[in-house]
Amino acid sequence: MQNAASIDYRSLVDARAGTVDRRIFSDAEIYRAEMERIFARCWNFMCHESQIPQAGDFFLNFIGEDSVIAVRDRKGGIGVFLNSCRHRGNAVCRAESGRVKSFLCTYHGWTYDLEGKLVGVPGYKGFYHEALERDKWGLIAARVESYKGFVFATMDPEAPALDDYLGEVGRVGLSMAAAHGDVAVVDGVQKNVLGCNWKLAVDNLFDWYHVQISHASAPMSGYLPKLPYKDEDQIVSLGEYGHAISGPRSTPEMREAAARASSEVPLFDERWRDTPEALAALGPVGVASRGSPERRRASVQRMNHTFGPAGMLEQDDGENWSQSTLATRSPVARRHPLNYSMNLGRGHIAETQPGLPSIETHINEHAQLWTYRAWADWMTAADWPALKRDHAMPAGAV
Amino acid sequence: MPDMLAPAMAPSLALRLEVESFYYDEAALLDQRRYREWLDLFTDDTHYWMPVRRTKASNQLDGEFSRLGDMAFFDDNKAMLTMRVRRLETGYAWAEEPPSRTRHLVTNVRIVAAEGERITAESNFHLHRTRLASDESNWIGLRRDVLQRSDGMLRIAARHIFLEQTVLLAPNLSNFF
């Protein structure tokens, strides 16, 4: 493909025809441009505040391909810094989580404090003659904001405030995980390597069409009850900049049916939240206890069994995504676009809830097409002001 | 004369030999995909657990593995292990359709404790897997088992698996350890 700056990204996503060019999933120039135009500009999720409660607690993550450190400082704030010494670039933090008093570079001993300031330079007097302006050579800091305890970081000074960036759809999405406000993360992050383009994984999150086939073994083996949600009753909410929520409408009746269908802890059982005991128990202690140690253990086990690389559902997603990605690289296959035409032109957006443009319909691919349209906006915009001026707004029919 | 040709083996060696043989037979069942027979090697109250491993500083290694009750790759009782086998039997478990080819290598078997009918044994393993044309995965680690002897047979009352990987270098964990 041509040089990144000369690629016509909007030609790769045809929202009218419902097609997406395969090359966006494997072209090297496009991938490099994504690192700049998406990851280096957007708000990236880092961790939850409960993972780094004390001063010195840190958690390693990535912004695109940049290693970054999220760390609780001495004043109780959270900073996110590039994990790279300003001298020769060595990582200043190699454990993936833990607690430190400062960050020491193991190469020449430059030392940074918990606020990222360069506080120690061996030979500062004798070798640098005090000419090194230490306050200009601290760790490169991201802007950090959090919403309901979910910590985000951006490397772009022109990015809007997190709250504006999230919009109603982003805030609603995060609020679903933090419905009672006080959330603590269960320890342990499952990590594994998949040979697929990141956009295919995002695509899958909105995809309720694949469940009956990809995950057929789950109800067939009896692991899950016949899934209680309705294919005809789905909601898609679309936000500026490509945010989206997509899935079956959740009703109390549906949750009740899901709970009744399984004698074990069901996958989406949330009845416990409405009981007086749960509400009394939740209080300041936090939702982490989920009402009782037994309940918590059962819920965590259920998650472990279902998701993650050994999960009864997730094992099969990996095959789909890897094989799909391979076919975006082979010379003839990559000439033929992918199809995103389900329900095309029939997804009428209505703002029944203020700030939440939504489509109420059956199984569809509206959220996926919406995010690819937004992808083209992001990739085309030279900077944030350009992106603010020129991006799709959720309106009309998708 | 026959007695001189068959010197008595120290009981500890005999036990280790017995446990090794048990592990070799178990590995053969898995590599032959005889999952139902493999399940029978576990007690009804068994616990099969693989925690998450993290890179930690040498003075914070007590947090290297996730704890029981927190996130884990496997945290199964007998019913859950059985469910995994049932999933493979549906023919719709795409991660194993076509099935993987595995070879379990078991070594460094050590008897850590032996109290009556309960034996604590550790072993190193190397699970080598190929899928499709040329996908290859390797998992190496430690298994710490509690083996229970009843009716003369050994069964696995607990298996805790510790991989030598923090980020799993494989797209899934669709096989048994």
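Chain A contains 11 helices and 17 strands, where helices (H or I, at least four residues) and strands (E, at least two) are DSSP runs numbered from the N terminus. The structure is a predicted model, in which local features need pLDDT of at least 70 and side-chain atom pairs count only at pLDDT 80 or more, while totals for chains, interfaces and linings use all residues. Residues are numbered from 1 along each chain as its sequence is written, chains are lettered from A and ligands numbered from 1 in the order in which they are written, and side-chain values use heavy atoms, with hydrogens and water left out.

Of the 398 residues of chain A, 48% count as buried; buried means under 20% relative accessible area, exposed over 50%, and partly exposed in between (1.4 Å probe, protein chains only). Among the contacts in chain A with a separation of 6 or more, 62% come from residues 24 or more positions apart, a contact being heavy atoms within 4.5 Å.

Helix H10 (residues 366-380) of chain A has 15 residues and reaches 21 Å from its first C-alpha to its last, close to the 21 Å expected at 1.5 Å a residue. The expected span is 1.5 Å times one less than the number of residues. H10(A) is mostly covered, with 13 of its 15 residues buried. Helix H1 (residues 28-39) of chain A packs against H10(A) at an angle of about 80 degrees, with their axes 9 Å apart. H1(A) is therefore roughly perpendicular to H10(A). Axes are lines fitted to C-alpha atoms, for helices over the stretch in contact, and angles run from 0 to 180 degrees between N-to-C directions; those under 35 degrees count as roughly parallel, over 145 as roughly antiparallel, 65 to 115 as roughly perpendicular and the rest as oblique. In this contact, Ile30(A), Ala33(A), Glu34(A), Arg37(A) and Ile38(A) of H1(A) meet Trp375(A), Trp378(A), Met379(A) and Thr380(A) of H10(A). These residues divide into six nonpolar, one polar and two charged (nonpolar: Ala, Val, Leu, Ile, Met, Phe, Trp, Tyr, Cys and Pro; charged: Asp, Glu, Lys and Arg; polar: the others, Gly among them).

Gly242(A) lies in the loop between strand S13 (234-238) and strand S14 (244-248) of chain A. Gly242(A) counts as buried because its relative accessibility is 14%. Not counting residues up to four places away in sequence, Gly242(A) touches Trp370(A), Thr371(A) and Ala374(A).

In chain B, helix H2 (residues 11-31) has 21 residues and reaches 30 Å from its first C-alpha to its last, close to the 30 Å expected at 1.5 Å a residue. Its buried residues include Leu15(B), Val19(B), Phe22(B) and Glu26(B). Their cover includes helix H3 (35-39) and strands S3 (101-115), S4 (118-131), S5 (135-150) and S6 (153-163) of chain B. H2(B) is followed by Arg33(B), whose phi is positive, near 60 degrees. Ile156(B) is placed in strand S6 of chain B and is buried, with a relative accessible area of 0%. Among the residues that Ile156(B) touches are Phe22(B), Glu26(B) and Leu147(B).

The contact between the chains takes 39 residues from chain B and 36 residues from chain A. The area buried between them is about 3500 Å², of which carbon and sulfur atoms give 52%; buried area is the accessible area (1.4 Å probe) that two parts lose on being put together, summed over both. In chain B, Met71(B), Arg87(B) and Trp94(B) lose the most area to chain A, together 19% of what that side buries.
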